Amino acid sequence: MGTWGTGYFDNDTAADFAGGLDDAAPGERAALVRAALERAARGSEYLDDDEGAEAVAAAALVAAQCPGGTAVTTAYGPAEPIPGLPGDLRAPAVAALDRVVAEGSELAELWGESGSDRVWRRGIRALREVLEPVPPTAGAPLPGR
């Protein structure tokens, strides 16, 4: 695993994914993010580390555009702006992250062997918290009522 840190883009695969986004036309970038998330979220087979790393990077880009999200500012992330991503990418991003940390994920196995598993998982949880909508508090009116 060509990794140098626990950040979402701190590995060769995620950096290459960012480069692919930069090379794509602006109108194609959302589709590339969606494809990376859906590849990870939909699969029922063993999730290889490259697909997992791309899914984490894609989820970070979606989370960056959500309330409470953190901008992707690493030099290894996309240099070109990511146009507004559709809100319907939040659910596949959460599903992809759940799959990345689950049993049957090579990325989770590799991080488990690295000794930095806790830090990496904390970062994944932080992304998931931004992506997953917060349920309304008890007694609070529902939107539109």
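Modeller: Buried residues, those under 20% relative accessible area with a 1.4 Å probe and protein chains only, make up 35% of the 145 residues in the chain. The model is predicted, so local features need pLDDT of at least 70 and side-chain atom pairs count only at pLDDT 80 or more, while totals for chains, interfaces and linings use all residues. Residues are numbered from 1 along each chain as its sequence is written, and side-chain values use heavy atoms, without hydrogens and water.

The chain has six helices and zero strands, where helices are DSSP runs of H or I with at least four residues and strands are runs of E with at least two, numbered from the N terminus.

Two packed helices are described by the angle between their axes and the distance between the axes. For α4 (residues 90–101) and α6 (residues 117–131), the axes come within 9 Å and cross at roughly 160°; axes are lines fitted to C-alpha atoms over the stretch in contact, and angles run from 0 to 180 degrees between N-to-C directions. Therefore α4 is roughly antiparallel to α6, a term for angles over 145 degrees. The contact (heavy atoms within 4.5 Å) involves Arg90, Ala93, Val94, Leu97, Asp98, Val100 and Val101 of α4, together with Trp120, Arg121, Ile124, Leu127, Arg128, Val130 and Leu131 of α6. By class, ten residues in the contact of α4 with α6 are nonpolar, none is polar and four are charged; Ala, Val, Leu, Ile, Met, Phe, Trp, Tyr, Cys and Pro count as nonpolar, Asp, Glu, Lys and Arg as charged, and the others as polar.

Technical notes: Angles under 35 degrees count as roughly parallel, over 145 as roughly antiparallel, 65 to 115 as roughly perpendicular and the rest as oblique. Buried means under 20% relative accessible area, exposed over 50%, partly exposed in between (1.4 Å probe, protein chains only).
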